Amino acid sequence: MGYKDGIVVIIDISKKGEVIHRLRGHDDEIHSIAWCPLFGEDCLSINQEENSEEPDIPNGKLIAETPITKGCYLATGSKDQTIRIWSCSRGRGIMVLKLPFLKRRGGGVDPTVKERLWLTLHWPKNQPTQLVSSCFGGELLLWDLTQSWRRKYTLFSTSAEGQNHSRIVFNLCPLKTEDGKQLLLSTSMDRDVKCWDMATLECCWTLPSLGGFAYSLAFSPVDVGCLAIGVGDGMIRVWNTLSIKNNYDVKNFWQGVKSKVTALCWHPNKEGCLAFGTDDGKVGLYDTCSNNCGGEGIVLQHNPWKLSGEAFDINKLVRDTNSIRYKLPVHTEISWKGDGKVMALGNEDGSIEIFQVPNLKLLCTIQQHHKLVNAIVWHHEHGSRPELSCLIASGSNNAVIYVHNLRTVLESNSESPVTITEPFRTLSGHTAKVTSLAWSPHHDGRLVSACYDGTAQWAVEATGKQLCFQDQYVKAASYLLSIHKVYEAVELLKSNHFYREAIAVAKARLRPGDPVLKDLYLSWGSILERDGHYAIAAKCYLGATSAYDAAKVLARKGDAASLRTAAELASIAGESELAASLALRCAQELLLVKNWVGAQEALGLLESLQGQRLVFCLLELLCRHLEEKQPPEVRSPSSVYHQWATGSEGTLVQRVTDVWRSTLSVDTPEQCRAALQKLQDVKYPSATSNTPFRQLLLHVCHDLTLAMLSQQAASWEEAVPALLQAVLRSYTSGNFTLMQEIYSAFLPDGCDHLRDKLGDLSLATAAFKSLEAFFIYGQLYEVWWALCGPVPESSIWVKSTASEEQGEPEDSTSAKDTEPGATALPQSSQPPDPGLKLSAETEHLLSACRELFSERHASLQTFQRTVAEIQETLAEMIRQHQKSQLCKAMADGPNRDDPSQETEQLPSQPQSPSREERKTPVSLPELTRRLTEANERIAEFPESIKAWPFPDVLECCLVLLHIGSQCPGAVNPEMQQQAQELLQKYGHTRAYRRHCQTLHT
């Protein structure tokens, strides 16, 4: 189902109308929907960039996506001039086709002029790679879906001129003949039915039709056989009855015709000059050769002594006399003053112009009416009060009569025209448009008026009430409008949820600032927002001049384009904070598809997001840096990087600094300090193992940006904690690879230079110690994995000259001797060659691991683990209590003997407990006492210890002892002794008890 706001809904009718997908992409109402004739989504070879999203890369590994063979494709045509191809299995668009502006024969289409459009679609049977659509001027297009990137199409009937429809196409219907020929029938607003051959795309035949009565017929005296037909559908047909190729060679003329065509007459000498008259009393001229219509709103001047001559358009004389360069309004009424010296012209826009004859000098303009002027009349000259001869009365479609006294204007003879905005008299009382005015020739100053209201007013109101009982509210509102009850009509439409019609009436009949119009927009907007039509709801709020509400509701769509528009609206409304948050959300949405250029453009909308631009710049360079380390076959081909991100000269920190300086103009310490202050106000939650990788990268780059800005501003006490925060996010999320990349890029030579920058008395000393500890922790794991690898690495092992001549001893152990119950620690062992020894760098690193053996941190971590275990035990006790209460309630219920209850309870029975869990359970008071005691002991530690996390001391002890057992002599015996003492003293918690027993055995 397609909606007016552009949403397409796919409903499964087999599941009681369940909505499967809501497809958002179009910006205007849906005109046509066509299903692909073949089931499955493997019939089109869509580009990978269009039919798939970028998969997540967990810890640097890419998982391939399997092709989808189920589902079906769907094509939709919209008033927004686009065709979209959707994947029903994925619930998203895969292809967008933009209608072209085609140059017609004998003229062209101006793309800046908004034309009427109805976009009709037809998906041919057994041809899933081709799609037929209509276009702006009645043309038909055959799209080639196999070349979606080229948007290739073929125009129907390119060889013959005039075979296409002249107006928009409404319907396409396929037909297969008995001989297997594929045909396509089309109907159009030009009221022609055409048949097309799908093999040649040529028109087989055309069948014209009429949409009303034929009121007039006229054969041309010049072009024999050319018959003009005036029809009640507001169109003129010119039929070439002598055509040999086509028996129904008909041209349609409709532009400028606003009513039924009731009279026709050809010019006796001019070829193609056709005069027509309409039911509303208007006369016009058509040049059937050039398709030009004239005579609409033009006043022609005739010479009474030369009536056979050409009429003269007074607009040319008005422009020349008054030096007017702008477009003159459409004239609707003319009135001469009694003395023949002054003429008044009424216009379609409600203005009245007073001209002095014979040169038509503009004396004044009356700006009083707001709608079309129907009647103008001057007061007569032969009264007993000659001053009344300067009175002019006027009536229009707004049911009010104005009388103006132009005596001052006519007697002043001013050089420049004046504008009159205040009437001499205002005559109210009518409730419909005024059609005629007349001054009484027998009484001075007495005016008579005729109108479309009168004695039928009450009958109209009663009819409107009767229509409401029949649920015909729109028709009832039209009756109320006919008796000038605008507010009642608007309220009737609003109360019955005809908001679109109510707004149209209010805009046409009320003043722009009327509060009723704003209330209509707000009420309709709230209903649309509740139903999920956010785009139209935003337009309603904009109509009510509430840009803030429009921005809020448009942001609920969540896509990048809507978020950017919402940010611009919030900025216009003066809501700078909302605009900044929406622009940032837009940039984050663009990051999901790796559109780095679009993300920077979104952040560039507001100056307050300069700091975020620095973060996204570092993030882009870091992602590019990580991608370059991946194999070429798993790299993302759809990333849209900036030009400055493709270079690889210099380190990552140098590249980031250069881009900040050259592209974002952040160079001086003052600029760095300003950006730092803005970014410090942004706080992100702590990372967990469930944090998505892209979100983790964004948060890490925010901390790294703070560190780099602090470093460039020479604020090392702020740089170290920010850098540590980036490391901690990687550590707590379990992404060891990212943590090592941070150290490799930002601390390639270690942390010693930071100690010199801070000094011994710095407040950031505790943060530095934690940063240094995590650096050693990462290097320790790198060494451990290298030692346990199958191939010796040159960075870990070096040749020993003392044992080059010694023979290689036999290996006394093998993989077969490994016990099945051994621990899952890495298995390897002794140096692969007795002639190898650890490198000096590796020995230095193992010696530096002494910094990880912090007894204060080991004690703090032990109490923290104790608290966590007690809390887990309490939670389990609460769950067991709730389970027992549930079982008791079920046992006491009315169906006590129901066997299904016993069956349901079977899975909840406890499994066989382990050796540790068979111990006597601890009482709740005892657990509470232990928890209180552990929390009190934690509170005794200084804040410098608790403020910054530290690597798990017992974990480091286990790793170091394992290295010592596999490589004898690699670890100092004193360090091994210290590690064993720490494990014996603090390894009594459940988390390390099993590992300690495994290591000792």
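How many disulfides does a search of the whole structure find? The search returns zero disulfides, a disulfide being a pair of cysteine sulfur atoms within 2.5 Å.

The structure is a predicted model, in which local features need pLDDT of at least 70, side-chain atom pairs count only at pLDDT 80 or more, and totals for chains, interfaces and linings use all residues. Residues are numbered from 1 along each chain as its sequence is written, and side-chain values use heavy atoms, with hydrogens and water left out.

The chain contains 29 helices and 37 strands. These elements are DSSP runs numbered from the N terminus (helices, H or I, at least four residues; strands, E, at least two). Of the 1001 residues in the chain, 42% are buried. Buried denotes under 20% relative accessible area, exposed over 50%, and partly exposed the range in between (1.4 Å probe, protein chains only).

Contacts were defined by heavy atoms within 4.5 Å. Among contacts in the chain with a separation of 6 or more, 55% join residues 24 or more positions apart.

Cys390 counts as buried because its relative accessibility is 10%. Cys586 is also buried, at 2% relative accessibility.

Gln740 lies in helix α19, which spans residues 736-746. Its relative accessibility is 12%, so Gln740 counts as buried. Leaving aside residues up to four places away in sequence, Gln740 touches Gly778, Gln779 and Glu782.
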